[in-house]
Amino acid sequence: MHRVGSTGNTSNSSRPRREKRLTYVLNDANDSRHCSGINCLVISKLSLLGGNDYLFSGSRDGTLKRWELADDSAVCSATFESHVDWVNDVVVTGETLVSCSSDTTLKTWRPFSDGVCTRTLRQHSDYVTCLAAASKNSNIVASGGLGREVFIWDIEAAMAPVSRTSEAMDDDTSNGVLSSGNSVLSGTTVRSTNATNSASLHTSQLQGYTPIAAKGHKESVYALAMNDVGTLLVSGGTEKVVRVWDPRSGAKQMKLRGHTDNVRALILDSSGRLWDLGQQRCVHSYAVHTDSVWALASTPNFSHVYSGGRDLSLYLTDLNTRESLLLCMEKHPLLRLTLQDDSIWVATTDSSLHRWSAEGQNPPKMFQRGGSFLAGNLSFTRARACLEGSALVPVNTQPSFVIPGSPGIVQHEILNNRRHVLTKDAEGTVKLWEITRGAVLEDYGKVSFEEKKEELFEMVSIPAWFTMDTRLGSMSVHLDTPQCFSAEMYAVDLNVPDAPEEQKINLAQETLRGLLAHWLSRRRQRLATQVSANGDFPVGQENALRNHISSRIDVHDDAETHIAGIHPAFDFSTTSSPSIITEGSQGGPWRKKITDLDGTEDEKDFPWWCLECVLHGRLSPRESLKCSFYLHPYEGTTVQVLTQGKLSAPRILRIQKVINYVLEKMVLDRPLDSSNSETTFTPGLSGNQSHAAVVGDGSLRSGARVWQQKAKPLVEILCNNQVLSPDMSLATVRAYIWKKPDDLYLYYRLVQNR
């Protein structure tokens with residue numbers, strides 16, 4: 001599971017404070033498609049007003065999309081991006097769209113215009129899994145989640161100023177029996193189904209408006225439903241019961257028992273059947289599915305119910321005659337159903353959406369095609385035994401329309417160079433990514449992932465400067481300070497034009513500069529427009545930001561050259577631009593595309609260490625990037641070098657430079673007494689000749705030995721009796737040849753000219 005926020009630290013805690021993380025999510029190609037399973041759907045019927053209907057979908061990729069529907073087309077007209085984890089449910093209430101997520105928040109949006117997130121509501125302490133709205137009271141929305149919480153929100157009041165911070169659903173099993181009931185109270189009927197789920201997350205707080213809490217849940221809540229006027233709320237979850245509430249006060253009214261596993265879906269109608277709320281008992285059960293039922297939809301008059309779930313099947317059931325019909329079979333478990341006229345939209349754990357013929361306005365027409373059976377009033381075990389032996393033929397074999405998605409990444413391997421990642425998607429396509437610029441280097445097609453991984457293996461050791469996961473169906477690359485600043489490379493290895501060979505580049509620093517290049521440009525433009533009448537920048541803005549950041553820690557000024565401009569190896573695309581997930585000192589986690597950053601973001605939005613790196617070229621204190629080693633003559637070698645104590649050099653130093661050092665310090669005519677002094681491989685040292693006077697490219701400074709080409713001896717460096725390649729780094733030798741935590745021992749010897 002991916003966590004975005006940081007854990008706080010109280011004054012009484014000895015646990016070190018964890019700094020806030022910055023994550024960037026890489027997007028491949030078509031941004032108008034989902035790239036992970038679709039958890040929720042809702043239709044907005046604008047066709048009644050003379051326009052096209054809108055379909056809103058919320059995905060495990062963390063985004064919502066708005067689809068403008070026509071007879072045989074669906075155009076993605078907006079992508080709503082702000083949640084930092086799975087979007088689990090969505091409702092449209094009046095002119096507001098409300099979504100909930102595993103990031104523990106609800107968000108409100110302007111759904112029919114620009115799709116801007118207008119408010120983030122933080123009250124839940126764990127994943128928010130479900131929503132319910134009153135269709136005739138557009139101000140009331142209920143939310144439930146894994147924290148054993150249900151809240152009833154007044155959306156108008158919640159849209160007033162609100163603040164403060166916060167920080168997955170694994171599909172399991174259930175008994176798969178579709179149960180339902182008879183309503184005496186308010187003439188309302190409840191439909192419910194079962195499944196199992198588990199997860200946990202962090203806490204959140206809300207200041208300002210406080211929603212009504214429906215208190216009494218002992219376990220996680222997975223399903224909510226509300227009547228059309230907002231006077232009755234029902235909830236279900238892992239307690240295997242259905243609870244009934246008054247949403248106006250949060251008061252408990254009753255508890256309905258009958259399910260033998262987790263309640264995963266609920267729907268209400270106004271006709272009064274199946275669950276008898278007066279007698280608080282289940283009147284009917286329908287044995288239809290052979291596995292967990294996860295999704296329900298009903299016809300407007302509640303005469304027929306559509307159900308789908310883990311068994312990949314979509315059934316239509318007549319609640320009066322108990323006839324059931326297999327409408328279709330999907331290739332993936334069904335997560336959500338929504339009716340549109342005579343069709344039904346189906347969302348699954350796949351990233352595509354399917355529309356199937358369902359005769360939603362006249363369901364009996366479907367039964368005229370034959371193939372129906374009577375849904376028994378059986379236990380789940382007996383129902384499964386009966387149904388699994390039958391060979392039901394679905395009415396539909398192909399959907400009438402498909403909104404395609406992009407296959408999500410299901411497997412990945414970070415290669416040893418720590419810049420390339422090998423991925424495999426849900427369709428089996430293997431690709432090679434360069435994560436420092438978010439680009440696909442190679443598309444290998446459908447090949448063996450393991451064989452390709454072995455083929456790309458390099459004997460090279462680079463510190464693990466990032467972590468990553470594919471929980472959102474795409475690559476989320478996480479940067480945490482100070483670990484992210486532990487990896488360096490020589491500029492020449494990154495093909496930086498005209499760079500001195502000894503120049504080193506910090507991978508995280510340049511990646512951050514590439515990610516925030518657009519933000520930095522917009523920020524400079526914004527500051528330029530604020531120039532005062534005398535031509536000066538507004539007093540104190542820059543200094544205040546710098547002082548605020550610098551006061552947080554004794555920041556280390558990196559003495560190495562800070563390269564101007566963005567190198568090609570760190571130049572992120574603006575056409576399929578990555579998204580940033582992070583948080584600053586206020587407001588909690590957020591997500592935006594790098595091209596949507598407008599330059600107004602500051603320390604309230606970004607981690608302080610990120611701003612210090614990008615604005616001032618300064619990196620947080622981190623562990624030493626040096627490697628200590630001893631250099632001795634190999635057995636039988638009589639030639640000595642001037643320095644025999646412990647040496648220290650950058651971990652990325654190549655063995656070729658150690659060879660150059662040996663050549664420079666070689667004493668051909670006499671052995672040298674051993675010394676315990678510690679020597680540093682540092683460019684530009686002068687004076688004490690016991691220090692290495694070798695610059696990064698191996699050339700010698702004044703006082704160093706100059707060999708005639710013909711007389712220059714041939715030197716080899718060995719470790720564990722293995723001759724080392726001159727291109728190896730000290731870190732690679734330590735990781736793959738030395739393989740010990742102790743100081744590295746290297747040996748040199750002369751070889752006859754071959």
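Me: Which residues does Thr470 touch, not counting residues up to four places away in sequence?
Reply: The model is a predicted one. In it, Thr470 lies in the loop between β37 (467-469) and β38. Leaving out residues up to four places away in sequence, Thr470 touches Ile409, His412 and Met475.

Me: Is Thr470 buried or exposed?
Reply: A residue counts as buried when its relative accessible area is under 20%. The relative accessible area of Thr470 is 17%, and therefore Thr470 is buried.

Me: With which residue does the side chain of Arg471 meet in a salt bridge?
Reply: Side chains of opposite charge can pair when their charged atoms come close. For Arg471 the N to O distance in the salt bridge is 2.8 Å. Both Arg471 and its partner are buried, and that partner is Asp85.

Me: Is Asp114 buried or partly exposed?
Reply: Asp114 forms a salt bridge with Arg110, with the closest N and O atoms 3.0 Å apart. Arg110 has a relative accessible area of 38% and is partly exposed. Asp114 has 44% relative accessibility, so Asp114 is also partly exposed.

Me: How many salt bridges does a search of the whole structure find?
Reply: One example joins the side chains of Arg243 and Glu239 at 2.6 Å, N to O; both residues are buried. Elsewhere, Glu413, Glu450 and Lys453 are linked in a network of salt bridges. For the whole structure, the search finds 24.

Me: Which residue in β19 is the bridge partner of Trp245?
Reply: Four strands form an open sheet in the order β16-β17-β18-β19, with antiparallel pairing. Its edge strands are β16 (221-226) and β19 (251-257), each of which pairs on one side only. Strand β18 (residues 241-246) is joined to β19 by six bridges. In β19, the bridge partner of Trp245 is Lys252.

Me: Which element gives the largest share of the largest nonpolar core?
Reply: This core has 45 residues, and those with the most contacts inside it are Leu22, Leu479, Leu512, Leu516 and Trp609. Elements that give two or more residues to it include β1 (22-26), β38 (475-479) and α5 (507-515). The largest share is six residues, and it comes from α8.

Technical notes
Residues numbered from 1 in each chain as written. Predicted model: local features only at pLDDT ≥ 70, side-chain atom pairs only at ≥ 80, totals over all residues. Heavy atoms only, no water. Pairing = 2+ DSSP bridges. Core = buried A, V, L, I, M, F, W, Y, C linked by side-chain atoms within 4.5 Å. Buried < 20%, exposed > 50% of the residue type's maximum accessible area, 1.4 Å probe, protein only. Contact = heavy atoms within 4.5 Å. Salt bridge = Lys/Arg side-chain N within 4 Å of Asp/Glu carboxyl O.
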